[in-house]
Amino acid sequence: MSAASATSASAGEQTMPAERPGSAPADFELEAPAVKRRMLIIVNPYATTVSDRLRHLIVYALQGRFEVDALDTEARGHATELCREAAHEGYDVVVAFGGDGTVNEAANGLLGSPTPLTCLPGGSANVFAKMLGIPGELVDATEHLLALADDWRPRRVDLGVVSADGTEGVLAEDRCFTFASGLGVDASVVERVDANPRLKARLGAYYFTWVALHTFARRYLVRPPRMEVLAGGETLPSVTTIVQNGSPFTYFQNRPIEIADGTTLDSGVLCGCVLHSATPLSIPSIGLRAFSRGMRVSHHRQITGLCELTELTVRSTDERPLPLQVDGDFLGEVTQARYSILPGALNVVA
């Protein structure tokens with residue numbers, strides 16, 4: 001008992017009950033331990049840099065700040081199903097651990113739900129993760145996710161949407177994309193790169209560059225597939241069309257490759273570029289602009305920039321199907337593709 005309490009007792013005042021040794025003071029309440037947020041990690045075991053060892057290390061590290069479950073994808077589209085179930089079961093966050101294709105499937109599964117998406121880089125480019133500000137190195141990215149536990153600020157971003165006619169591939173319904181979609185040479189490049197995952201994993205961006213040059217020379221220099229773009233009241237001839245929901249278009253290692261101008265993940269609009277013709281002189285100069293920090297691809301004489309659109313249509317004009325890619329994932333060949341945007345459709349945390 002304190003001296004003040006002893007004085008009061010001697011004066012005939014009512015005494016306070018004695019505190020038990022080791023107990024907390026009466027005016028002090030112990031804080032309950034913070035409840036860990038529930039995290040589901042969707043792992044693509046076939047992604048470029050993913051391994052069982054890394055999977056276990058990542059889960060162990062994140063368990064320090066989150067209540068973690070991890071599931072492997074087993075087939076194409078499986079991540080979408082897993083994310084829909086995660087949103088239904090009330091997970092606080094879903095982590096897509098794989099490449100941009102895995103992230104795309106996860107985004108389609110979480111579309112319109114309150115469950116936020118975040119990423120761990122497991123692919124060759126990891127474009128969407130870098131756009132969100134997540135480091136491209138796995139260790140740094142894991143530390144970044146651990147820090148989110150103390151700085152939890154979900155936000156909403158837009159999703160682009162593509163629906164197609166005359167599909168030969170896996171696009172059976174509307175497909176959302178997180179950052180970009182394309183018809184033409186970029187889709188043909190993605191198709192060939194995905195057909196050789198070993199070289200993709202070993203050489204990364206350099207393999208993409210070699211395939212791009214080879215594909216252009218073989219398929220687009222002499223007789224490329226012809227298409228037209230209906231956008232903003234105009235009809236534009238094209239041999240390749242790129243539509244973006246954010247910027248940059250991709251990365252060469254950690255260097256951003258800018259194609260379209262004027263769009264961000266929360267701008268509410270689509271932007272892109274239309275390549276009117278492919279020649280031996282135009283493609284190298286376009287490539288130079290893509291890597292340059294001062295010159296813009298959209299200012300090239302063979303390109304028309306598309307800005308601040310909410311919808312556009314691309315269709316074949318020579319009856320040949322057009323190769324289609326979404327977020328760096330080849331989906332198949334189509335005769336027509338219609339694009340639109342869903343503002344604020346995806347919750348993310350990064």
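Two strands pair if DSSP finds at least two bridges between them. Helices (H or I, at least four residues) and strands (E, at least two) are themselves DSSP runs, numbered from the N terminus. With that in hand, take strand 17 and strand 18: they form a hairpin with 2 residues between them, and Asp-327 in the turn has a positive phi of about 50°.

Before going on, keep in mind that this is a predicted model, in which local features need pLDDT of at least 70, side-chain atom pairs count only at pLDDT 80 or more, and totals for chains, interfaces and linings use all residues. Residues are numbered from 1 along each chain as its sequence is written, and side-chain values use heavy atoms, with hydrogens and water left out.

- Strand 17 runs antiparallel to strand 18, with 5 bridges joining the two, and Gln-325 stands opposite Phe-330 of strand 18.
- Strand 17 also pairs with strand 8 (residues 180-183), again in the antiparallel sense, over 3 bridges; there, Leu-183 stands opposite Leu-324.

**Strand 1 and its neighbours**

- Strand 1 (residues 37-43) has 5 of its 7 residues buried, so it is largely enclosed by the rest of the structure.
- Strand 2 (residues 66-72) pairs with strand 1 in the parallel sense over 7 bridges.
- Strand 3 (residues 93-98) also runs parallel to strand 1, joined to it by 5 bridges.
- Ile-41 has a bridge partner in each of these: Ala-70 in strand 2 and Val-95 in strand 3.

**Salt bridges**

- Side chains of opposite charge can pair when their charged atoms come close.
- The structure holds 9 salt bridges (a side-chain nitrogen of Lys or Arg within 4 Å of a carboxyl oxygen of Asp or Glu).
- One of them joins Arg-65 and Asp-150, at 2.7 Å from N to O. This pair links distant parts of the chain, 85 residues apart: Arg-65 is in the loop between helix 2 and strand 2, and Asp-150 is in the loop between helix 6 (138-148) and strand 5 (155-165).
- Arg-65 is partly exposed at 34% relative accessible area, while Asp-150 counts as exposed at 59%.
- Another salt bridge is formed by Asp-329 and Arg-76, whose closest N and O atoms are 3.0 Å apart. Asp-329 lies in strand 18 (residues 329-334) and Arg-76 in the loop between strand 2 and helix 3 (78-89), so the pair ties together parts that are 253 residues apart in sequence.
- Asp-329 counts as buried, with 13% relative accessibility, and Arg-76 as partly exposed, with 48%.

**The cavity**

- The structure holds 1 cavity of 30 Å³ or more. A cavity is a set of points, on a 1 Å grid over the protein atoms alone, where a 1.4 Å probe fits but cannot get out, and lining residues have an atom within 4 Å of a point.
- About 30 Å³ of space lies in the largest cavity, and its lining includes Glu-258, Asp-261, Arg-289 and Arg-296.

- Most residues other than glycine have a negative phi, and most peptide bonds are trans.
- Ser-247 and Pro-248 are joined by a cis peptide bond, with omega about 10°; Pro-248 lies in the loop between strand 11 (240-244) and strand 12 (250-252).
- Asn-126 is not a glycine, yet its phi is positive, at about 55°. Asn-126 sits in the loop between strand 4 (117-121) and helix 5 (127-131) and is buried, with a relative accessible area of 7%.
- Glu-319 is not a glycine either, and has a positive phi of about 70°. Glu-319 is in the loop between strand 16 (311-316) and strand 17 and is exposed, at 79%.

Notes. Buried < 20%, exposed > 50% of the residue type's maximum accessible area, 1.4 Å probe, protein only. 1 Å grid on protein atoms, 1.4 Å probe; cavity = no way out; pocket = protein on both sides within 12 Å on 5 of 7 lines; lining within 4 Å. Points joined across faces, edges and corners; volume = space filled by probe spheres on them.
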